[in-house]
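Please prepare a short briefing on the structure shown below, for someone who has not seen it before.

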Amino acid sequence: MVNAECGQLFTIEGIAAALIMLATVFIVVNTTSVYTPGDTHVNDMQLEVIGTDALKMLNTPVSMSGDGKSPLVRMIEFNDADAFNKSFSNILNNRTGADPDTIQFSADISYKSNCGATKNGVNTTHFTHSERARPKGGLFGGEHAVHVSQWIILDDYNTTTFKNVFPEQCGSNSAKRAALVEVYLWRD
Amino acid sequence: MNDTAQWIVLMGFVVSFSLFFLAVILNQSTVVGQTTAEAVSEFPKEDIRGVRTALLQSNMYWASVNDQTNIRLDIENISLTRQNAVIRIYAPISVNDTYWLYPIHYNNGVTEYNERWKFP
Amino acid sequence: MTDSNGNLSIDFLVGFTIFMIAFIWVATLVPNLFLGVASHDIDFDAVAYRTSVILAEDPGTSADETTPWEFQQLPSGKNNTKRFGLALSKDTPNILSLEKINRFFDSPASYTYPDDYRQKVIFGDYPYRFNISLNATGIRTWSVGDVKPENYGFARRVVKIKRASNATFDLTDKTKFNLTNWDTKSTFPGQILDGNVSFHKFTIEINNTQLLNENVTSPVTDPNVTLPNYRSAYQINPRYDWINITMIDLDKYQPVWTAGNYDVNLTDIKFEYITDFTGKDGKPPARFDLAPAASVPHTNFMYVDGELQPGKFADNVNNFTHLQNKQNVTFSFAPRFFYSAEDRGSIYVTLTFQTRGFTPENSGEWKGMHYLNTTSVPPWRYNYNTTEVTQPYLTDGVLEVAVW
């Protein structure tokens, strides 16, 4: 005579095993994350590469005849924001086949202050921003921006010799100085 | 105790564990693309290149000592406050009177870079 | 009595069936785990970025130490290229060389798509398909590869391309090289007292030592802005760069007294080089004939009024002569034209002109006349002097790499 309870063990065990497997698969399928393209930071990296390239090329002299300065240094020494807007925007958005890209930017310059209350500290002043950026200083906080920078060497901070962009420098400092051009980039 | 039916539950457990294992591995693969891009962004290649070019440009033997010092201090200060990187360029070392070595040091907390640039 | 030892009990069957149903259901759900993961397109962007770095920032490697990859003879030297790279040198990232660009995009004549490119620039086990394109402002757009699909990994780099220097020699330059009256005090009979001779030798000097080692501007600009590690972007390297010399206003070089009736024949072009500037034992430094390099024969380098004078000069003398009614002459020396010279010393290009002018008033006969001559003055120099030579310059470009 078959023991009537032995058989039930099979059924219950089968159900138990089935429930275990179903529960596992439910948990696993629900927790494996789906990565959206934004999570992978690939777009950020691509934008940063384009930005550093563009800024570096703008800081390369076109040729060594003449004073041998790069276009970027000349534009900052003469505070020529329009020229910077035009050429930087052009370089950033140039593509081989298609229509131009839509990258916007906002540029600041950091320099070491040499007089006044902030003497020997580092000041940052806004240089310019692209056309379609908001009127007030360019960056309003809603963009997903990357940050690129480039070192330049200027002939002097003397705002009377050039018309450069440093508001807190005192005159009569005609030594060469270094400054950092920092640009925030985002896609519109 | 008759436990011949235990193997059904055992099979159930085997299947669950293998599913978990698979899921863990698959989860890692989606991170591959992300960590590659993050690694590229995190390594300060362009920062190091820019600092190096600026320092070498200013430190050539014909530049006035005043200019060299000013630019060096500017770069060290601005780099510390804006880029969170420690930069130091040391006095050039002359080798056999035939060439100079310019030691450059960069450290942003994650990446450290040391170089002795030979010129000419 | 029923013996059920060998049979399966019904309860076992029921339990087993429930298990199998659940197992089959789970097995069909598992492929959903793989939906978000396609093993190859997760790294298209990474491969594209890596390829763009190799092309834009690396100068490329050749297995043959003496010949850069862009100058390898094809097809025998094709496998000497270990890795492509378009940058001028490892110190000048993002500044590209035009010769490398032309050679890289020369498909299928030089390299076959996709195999050669996969081995030498894309790398990796998976057979990626790709499209690489370069748009140079003011030159053209190059492209190699397939048509891009909807979904691909992508990298874009901003680059500059180095353009060759060139020199223009015009009437004001010519007046510095007239062989004018000299030795007017000599009474030696038969001494030539004026520059009206029939044969003039005009030498152009390309000083390797100066071009490769000295300051890249002349007069020297503020040395603080010279970029010491970017030298190869602005220097003239005579053995590897284009050297272009154009002589214009040729129809004004003759003296006025010829009244337009004169002959000028370019009878010889000689290429020589020296390796030291000081000779031994008080003699001038030894001059060597500059033989053509293997892949760059000394042909097809001269243009008269825009027309190429084909062939080798020595074989086609008649084609090159008779410059009297021409406006301009251009000498275009391709990269490696002067390769057989060394990286020091100087290269000399000597032109020999045979000239004569008709003298209607005096004697009504032909006689020698002034023309370009450097026998009593230093040769004309192709160097970093910006008033004489347009220096190498950089133009913009965009490099895009798409991988799928």
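In strand β16 (residues 365–367) of chain C, C:Trp366 is the bridge partner of C:Phe358, and 3 bridges join the antiparallel strands β15(C) and β16(C). Strands here are DSSP runs of E of at least two residues, helices are runs of H or I of at least four residues, and both are numbered from the N terminus; two strands count as paired if DSSP finds at least two bridges between them. This is a predicted model, in which local features need pLDDT of at least 70 and side-chain atom pairs count only at pLDDT 80 or more, while totals for chains, interfaces and linings use all residues. Residues are numbered from 1 along each chain as its sequence is written, and chains are lettered from A and ligands numbered from 1 in the order in which they are written.

**Strand pairing around β15 of chain C**

- Strand β8 (residues 199–207) of chain C runs antiparallel to strand β15 (residues 346–359) of chain C, and 9 bridges join them.
- Within that pairing, C:Phe202 has C:Leu351 of β15(C) as its bridge partner.
- Strand β10 (residues 262–274) of chain C also pairs with β15(C) in the antiparallel sense, over 12 bridges.
- Strands of a sheet pair through backbone hydrogen bonds, either parallel or antiparallel.

**The six-stranded sheet of chain C**

- An open sheet of 6 strands in chain C has the order β13-β12-β14-β9-β7-β18, with mixed pairing.
- Its edge strands are β13 (307–309) and β18 (389–390) of chain C, each of which pairs on one side only.
- Strand β12 (residues 302–304) of chain C is joined to β13(C) in the antiparallel sense by 3 bridges.
- In β13(C), C:Glu307 is the bridge partner of C:Val304.

**Chain C overall**

- Chain C contains 8 helices and 19 strands.
- Of its 404 residues, 36% count as buried (20 or more other C-beta atoms within 10 Å of the residue's own, with C-beta atoms placed from the backbone).
- Among contacts in chain C between residues at least 6 apart in sequence, 76% join residues at least 24 apart; two residues are in contact if their C-beta atoms, placed from the backbone, lie within 7 Å.

**The sheet of chain A**

- Chain A has an open sheet of 4 strands in the order β2-β1-β4-β3, with antiparallel pairing.
- The edges are β2 (122–129) and β3 (146–154) of chain A; each has a single partner strand, so one side of each is left without a neighbour in the sheet.
- From one strand to the next, the twist averages 25° (axes are lines fitted to C-alpha atoms, for helices over the stretch in contact, and angles run from 0 to 180 degrees between N-to-C directions).
- β3(A) pairs with strand β4 (residues 177–187) of chain A over 9 bridges, in the antiparallel sense.
- A:Ala178 of β4(A) is the bridge partner of A:Ile153.
- Helix α2 (residues 42–58) of chain A packs on the sheet and touches β3 and β4 of chain A; its direction makes about 15° with that of β3(A).

**A helix pair in chain B**

- Helix α2 (residues 45–58) and helix α3 (residues 65–82) of chain B pack at an angle of about 165°, with their axes 9 Å apart.
- α2(B) and α3(B) are therefore roughly antiparallel to each other (the term covers angles over 145 degrees).
- The contact involves B:Val51, B:Ala54, B:Leu55 and B:Ser58 of α2(B), and B:Asp67, B:Gln68, B:Ile71, B:Ile75 and B:Ser79 of α3(B).
- By class, this contact of α2(B) with α3(B) has 5 nonpolar, 3 polar and 1 charged residues (Ala, Val, Leu, Ile, Met, Phe, Trp, Tyr, Cys and Pro count as nonpolar, Asp, Glu, Lys and Arg as charged, and the others, Gly among them, as polar).

**Contacts between chains**

- Chain C places 45 residues in contact with 40 residues of chain A.
- On the side of chain C that touches chain A, α1 (10–29), β4 (130–136), β6 (153–163) and β19 (393–403) of chain C each supply at least two residues.
- α1(C) gives the most to that side, with 12 residues.
- The side of chain C that touches chain A has 22 nonpolar, 15 polar and 8 charged residues.
- The contact between chains A and B takes 38 residues from chain A and 39 residues from chain B.
- α1(A) provides the largest share of the side of chain A that touches chain B, 13 residues.

Key:
Angles under 35 degrees count as roughly parallel, over 145 as roughly antiparallel, 65 to 115 as roughly perpendicular and the rest as oblique. A residue is buried if 20 or more other C-beta atoms lie within 10 Å of its own, exposed if 12 or fewer, and partly exposed in between; C-beta atoms are placed from the backbone.
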